[in-house]
Amino acid sequence: KRHKFWETQPVGQFKDLGDSSLPEGPIEPPTPLSEVKQEAYNLPSQYEWTTCDMDSEDMCNEVYVLLTNNYVEDDENMFRFNYSKEFLRWALRPPGFYRSWHIGVRVKTSKKLVAFITGVPARIRVRDTVVMMAEINFLCVHKKLRSKRLAPVMIKEVTRRVHMENIWQAAYTAGVVLPTPVSTCQYWHRSLNPKKLIDVGFSRLGARMTMSRTIKLYKLPDQTVTPGFRKMEPHDVPAVTRLLRNYLKQFVVAPDFDENDVEHWLLSKEGVIDSYLVESPQTHEITDFCSFYTLPSSILGNQNHTTLKAAYSYYNVSTKTPLIQLMNDALIVAKQKDFDVFNALDVMQNDSFLKELKFGPGDGKLHYYLYNYRTKHVLRSSELGLVLL
Ligand SMILES: CCCCCCCCCCCCCC(=O)CSCCNC(=O)CCNC(=O)[C@H](O)C(C)(C)COP(=O)(O)OP(=O)(O)OC[C@H]1O[C@@H](n2cnc3c(N)ncnc32)[C@H](O)[C@@H]1OP(=O)(O)O
Ligand SMILES: CCOC(=O)c1cnc2ccc(OC)cc2c1SCCC#N
């Protein structure tokens, strides 16, 4: 497949696969800041760049509406991600964020927002090297403006703005295969509301299974079972940071979270992120942690249901409680909160609980990418300690 744009970019190229003489690390050196292009890339004449201030209710709403109608759908067009405004504000304003990296494209005449791309700064460790990167996300072009090569311009513009902050690497995920994945993961789904998943056509009644038998199969206890299992609170940030930093050391690629990052990314926020921990009733030590984020999806073309309430496994650490028991408690809490499905990638040690907790494999893959950073080998999904939103 010809990748006319991606072949021009400092990313692993398919032709280089297998060439193990190429060293791990940056593909191109930084450019002197004085040589970074100062002016924005040219858009087709009827469009203009805009910076989307997510603090502004109106702008945040415009972004929400664009994504709600034009963002990612599954291959069968059954679902479309429906990130909430609160989620977008959370995802786009971590410590050290740049408003200039929240980039929109408007129609000059109508001022309608028709495209969007974002970056947020993140310290990402690759093996023993911590690299300042931009996490790129929410790339979206309105359905009516597709296949006009707008995406490469959006990507070059966010690259330019990231370069202006003296950052030269990026991390991103996509369901499409581009040059060249550092790793490829699989989605897994655990039904919490099997009747709804069957109604919308995602799941099907198993052979020789009745609906009541299926509901019984996925039934969960009303209460969590682990002693000391509770919601994370602000005063837990130092202990959770220690626990998480130590746990993430085992993975080849992982965020280098400090206390500020943990406070932003992992403290519970109603309807956005839920985080729990196990505090030993005897020693009051924090021994385990689990978290999931809330990402609903619009259900496309169904008479009885409009929204799928989905929880997505985020970061989980088990040092005393068996991971299977910890994650079963996460399922129990998600069911209590009326989620329809609990999704997880086969990253980190998730493979150890997926089948036993009755997750089923999805048909979608998620490819992980680094920009301007080569890894010696393609990584196994269990070597990934990074979850992007
Ligand atoms: C140092 C800092 C560096 C920062 C930047 C790092 C890199 C960040 C990269 C971005 C990371 C985003 C991560 C992220 O947001 C998470 S992945 C979600 C992406 N968004 C969607 O799928 C929403 C629905 N689809 C659309 O809005 C459009 O189809 C999009 C906008 C996706 C493409 O618009 P279009 O109208 O359908 O297509 P053209 O404009 O005609 O352009 C075609 C070219 O775009 C390439 N393409 C298609 N999908 C892509 C994707 N998901 N990543 C990268 N490239 C993608 C494609 O291969 C082709 O290039 P090629 O000819 O070389 O093959
Ligand atoms: C019921 C299981 O599927 C999903 O939860 C779901 C929901 N919405 C989507 C929107 C766009 C979409 O595009 C790839 C996929 C989904 C999926 S499956 C992959 C995400 C996970 N887990």
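A polar contact is a pair of N or O atoms within 3.5 Å; within protein, one of the two must be able to donate a hydrogen and the other to accept it, and residues adjacent in sequence count only if both atoms are side-chain atoms. The structure is a predicted model, in which local features need pLDDT of at least 70 and side-chain atom pairs count only at pLDDT 80 or more, while totals for chains, interfaces and linings use all residues. Residues are numbered from 1 along each chain as its sequence is written, ligands are numbered from 1 and chains lettered from A in the order in which they are written, and side-chain values use heavy atoms, with hydrogens and water left out.

A backbone N or O atom of F5 is 2.9 Å from an oxygen atom of ligand 1. Taken alone, ligand 1 exposes 1200 Å², of which the protein buries 88% (Shrake-Rupley method, 1.4 Å probe).

The shell around ligand 1 comprises 34 residues (a heavy atom within 4 Å). H3, W6, L139, S147 and A151 are the closest. The largest share, 8 residues, comes from α3 (helices are DSSP runs of H or I, at least four residues, and strands are runs of E, at least two, numbered from the N terminus).

Q13 is found in the segment before β1 (47-51). Q13 counts as buried because its relative accessibility is 11% (buried means under 20%, with a 1.4 Å probe and protein chains only). A polar atom of the Q13 side chain lies 3.0 Å from the backbone oxygen of W6.

Methods:
Buried < 20%, exposed > 50% of the residue type's maximum accessible area, 1.4 Å probe, protein only.
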